Amino acid sequence: MNDNRIAWRSFNKGVWCDDINVSNFIKMNYTAYNGDSSFLEGPTERTKKEMERVHELLIAENEKGGVLNVDTSKVITILSHPAGYVVDKDTDIIVGLQTDEPLKRGVSPFAGIRSSVKACNAYGYEMSDKIKDEFTYRTTHNTGVFRAYTETMKKARHAGILTGLPDAYARGRIIGDYRRIALYGMDFLIEKKKYDKDKLGEKEFLDDETIHLLEDLAKQIEFMYQLKELALLYGYDISKPAANAFEAIQWLYFGYLGAVKEQNGAANSIGRIAEFMDIYIERDIKEDTLTEQKAQELIDDLVIKLRLVRHLRTPEYNDLFAGDPVWVTLALAGVTNEGKHMVSKTSYRVLNTLYNLGSSAEPNITVLWSERLPENFKKFCAKVSIDTDSIQYENDDLMRRMYGDDYAIACCVSAMKMGKQMQFFGARCNLAKILLMTLNGGKDEIAGDQIAPEGVVFGDEVLDFDKVYTEYKNYLKWLAKLYVNTMNIIHYMHDKYAYERLMMSLHDTDVERLMAFGVSGFSVAVDSLSAIKYAKVYPVRDERGLITDFEIKGNFPKYGNDDDRVDLIGKDLIEYFYRELCKTPAYRGAKHTLSILTITSNVMYGRKTGSTPDGRKAGEPFAPGANPMHGRDAEGALASLNSVAKLDYACCRDGISNTFSITPDALGKSEDDRIEHLVAMLDGYFLQDAHHLNVNVLNREKLVAAMNDPTLYPSLTIRVSGYAVNFNKLTRDKQEEVIARTFHHAM
């Protein structure tokens with residue numbers, strides 16, 4: 001590379017100079033910051049005016065039912081639309097929109113034409129005949145999947161045993177390493193991909209996987225060239241490395257923009273970019289070409305663009321993932337393998353956008369927490385949480401052991417190495433419903449259909465724990481095999497018909513694949529097993545002879561109170577199911593991972609599930625993620641956290657989501673006390689090898705008031721289950737479920 005002397009001036013050299021190694025570049029050049037937040041700047045007048053425009057657009061979007069506009073005339077691609085701006089090209093700093101107007105959504109029918117038509121119709125739009133005609137003769141991902149599904153897979157999906165599968169929409173959860181564009185320029189990255197393709201083609205024997213990869217690389221290279229053309233639409237040449245902070249941020253944003261134009265994935269995260277951007281910002285400040293005010297303005301403007309990302313979704317999708325999230329997850333801080341913290345001034349600048357621009361669900365800011373983070377930063381994070389309820393925390397000391405120090409978070413809580421790992425996303429199975437199926441010999445307790453193989457049908461006597469648990473595990477074994485094979489079909493077809501060409505071009509060619517499985521109804525299943533073991537549970541049958549309700553006599557320990565009698569049942573259940581998943585090979589040699597994560601679909605999962613042996617009635621929502629059921633964690637905040645911390649991340653590497661709500665007075669009487677107590681709580685929780693924590697500091701009464709009158713708190717943001725959402729964007733049933741959750745009034 002001949003043009004790097006200017007772009008790389010004053011950078012410390014390392015192995016990154018000769019090969020793609022962004023991690024080494026960051027370690028060699030970032031500046032760890034130990035100070036406080038006093039250096040931060042407020043919004044500039046330009047930023048204020050731009051946010052006024054954004055607020056006008058958001059109000060108009062809400063008034064139109066959540067979708068401001070849809071371009072139904074063409075399929076959205078990297079180059080489908082001319083340049084678009086929030087205000088105009090002279091006012092925007094970081095430029096680039098998915099379409100030609102802010103908040104106008106594009107049609108992306110590659111995952112499924114019927115889903116796209118339905119999404120348009122749901123908001124009063126009609127897809128053009130041109131698109132319909134084109135896709136009449138094109139096989140989409142959705143078509144391929146349902147061709148290959150077995151009847152059992154279809155039944156399990158319909159009944160809600162396997163739910164939220166990405167079989168009708170783009171899979172998401174792939175993080176392109178957009179930093180590479182800024183550091184190396186597109187020409188170098190393209191040449192590296194061409195070299196990899198040539199070397200691969202020289203193999204003596206081209207097996208199925210090699211041929212598959214050769215085609216993948218050809219697609220990647222094609223879309224890398226298209227990304228260069230996208231940047232040229234806005235007047236920028238990204239063929240060479242970025243020469244300053246503005247270019248570094250703009251270049252990596254072009255990569256992200258290209259990705260979200262090409263794919264409407266369930267979660268297109270932006271990765272771990274703050275410390276990378278900080279290197280360029282600090283150099284420019286030292287060279288006196290950038291002020292702190294202008295540095296903050298750059299970050300503010302980037303975040304404005306990230307807040308405007310939109311995809312066109314079906315009502316069914318919104319039922320699963322409420323609040324119109326896109327999960328532009330942005331990870332901050334953490335520690336290097338050598339023990340040096342990675343807090344930079346730009347870590348603060350990103351958090352400061354929640355003050356400069358107002359609280360918001362996007363980007364999904366995730367702090368990688370470590371006991372080694374400087375106290376000033378910990379306190380600032382706690383203050384931001386208390387003020388905005390807009391950030392989440394994940395245990396860097398835990399994840400770093402498995403992913404090294406250059407990983408990021410996809411979607412809600414899922415870690416993967418930047419540019420070196422990708423994920424096949426796969427929603428969840430319903431543990432509570434499988435327990436009911438166990439009691440009914442493989443039949444669905446609602447429809448009465450025989451879905452799983454016929455098994456023991458339990459009588460009317462008191463349920464015996466050992467017998468129930470043995471049969472339950474047999475059905476979980478059946479479910480695990482079905483789940484893996486269902487996922488294998490989905491991702492085979494997605495690679496075939498809706499491959500993420502640009503995002504995958506910003507990964508190593510020899511990428512490691514993860515396949516993410518998930519469970520819902522965890523605490524319901526655990527409490528149900530506890531009730532069967534420690535109380536007396538009698539089945540109640542309906543006129544069909546199916547067990548559809550239960551009579552419970554006596555008390556039983558409930559998950560969420562730091563009681564090993566029940567907590568260890570949950571630990572054993574998850575570890576058993578994970579081992580069973582691993583017995584069935586995954587597509588393209590992917591490694592199995594598992595999550596306890598429901599997003600907001602805990603409401604929908606509950607709706608599809610009958611009454612359970614823990615006393616929960618048919619149709620009632622589940623708890624979110626790994627949370628205890630609403631109101632059952634009665635021993636205080638710390639006991640609830642301790643129960644969740646007992647779950648083993650080693651078998652739940654896709655994430656253990658815990659959404660935690662506490663009243664301000666429970667944290668402390670003064671702001672300083674609340675900050676101090678929240679920091680101590682996070683330190684203590686993560687020292688137990690706990691994985692994740694959403695933090696809400698608010699009173700239930702505020703949510704009730706906001707539900708009854710949305711104008712009271714129009715920008716109220718809360719953490720729900722691995723992500724944040726504008727409370728007013730939730731449907732009424734989702735709002736009521738959030739309000740019903742435990743709000744801790746004591747530590």
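Ala, Val, Leu, Ile, Met, Phe, Trp, Tyr, Cys and Pro count here as nonpolar, Asp, Glu, Lys and Arg as charged, and the others, Gly among them, as polar. The model is predicted: local features need pLDDT of at least 70, side-chain atom pairs count only at pLDDT 80 or more, and totals for chains, interfaces and linings use all residues. Residues are numbered from 1 along each chain as its sequence is written, and side-chain values use heavy atoms, with hydrogens and water left out.

**Stop 1: the largest pocket**

Select Leu-58, Glu-61, Asn-62, Asn-726 and Lys-729, which lie nearest the centre of the largest pocket among its 43 lining residues. On a 1 Å grid over the protein atoms alone, a pocket is an open set of points with protein on both sides within 12 Å along at least five of seven lines, a cavity is a set where a 1.4 Å probe fits but cannot get out, and lining residues have an atom within 4 Å of a point. The lining of the largest pocket divides into 18 nonpolar, 15 polar and 10 charged residues. Its volume is about 1000 Å³, where grid points are joined across faces, edges and corners and a volume is the space filled by probe spheres set on the points. Next, colour α3 (45-63), α14 (315-320) and β19 (724-726), the elements that give two or more residues to this lining. The largest share, seven residues, comes from α3. Helices (H or I, at least four residues) and strands (E, at least two) are DSSP runs, numbered from the N terminus.

**Stop 2: the second largest pocket**

Move to Ser-115, Arg-157, Ala-168, Thr-314 and Glu-316, nearest the centre of a pocket lined by 40 residues. The second largest pocket has a volume of about 870 Å³. Helix α4 gives the largest share of its lining, five residues. By class, the lining holds 15 nonpolar, 14 polar and 11 charged residues.

**Stop 3: an open sheet**

Show strands β4, β5, β6, β17 and β16, which form an open sheet in that order with mixed pairing. Strands β4 (330-333) and β16 (659-662) are at the edges with a single partner strand each, so one side of each has no neighbour in the sheet. On average, neighbouring strands here are turned by 30° against each other, direction ignored.

Strand β16 pairs with β17 (residues 692-697) in the parallel sense over four bridges; two strands pair if DSSP finds at least two bridges between them. Click Ser-661 and find its bridge partner in β17, Asn-696.

Axes are lines fitted to C-alpha atoms, for helices over the stretch in contact, and angles run from 0 to 180 degrees between N-to-C directions.

**Stop 4: the largest cavity**

The whole structure has eight cavities of 30 Å³ or more. Select Asn-627, Asp-633, Thr-659, Arg-741 and Thr-742, nearest the centre of the largest cavity among its 13 lining residues. This cavity holds about 120 Å³ of space. Strand β16 gives the largest share of the lining, three residues.

**Stop 5: Arg-674**

Finish at Arg-674 in helix α26 (residues 671-687). Is Arg-674 buried or exposed? Arg-674 counts as buried because its relative accessibility is 18%; buried means under 20% relative accessible area, exposed over 50%, and partly exposed in between (1.4 Å probe, protein chains only). Leaving out residues up to four places away in sequence, Arg-674 touches Ile-386, Pro-664, Asp-665, Leu-667, Gly-668 and Lys-669; contact means heavy atoms within 4.5 Å.
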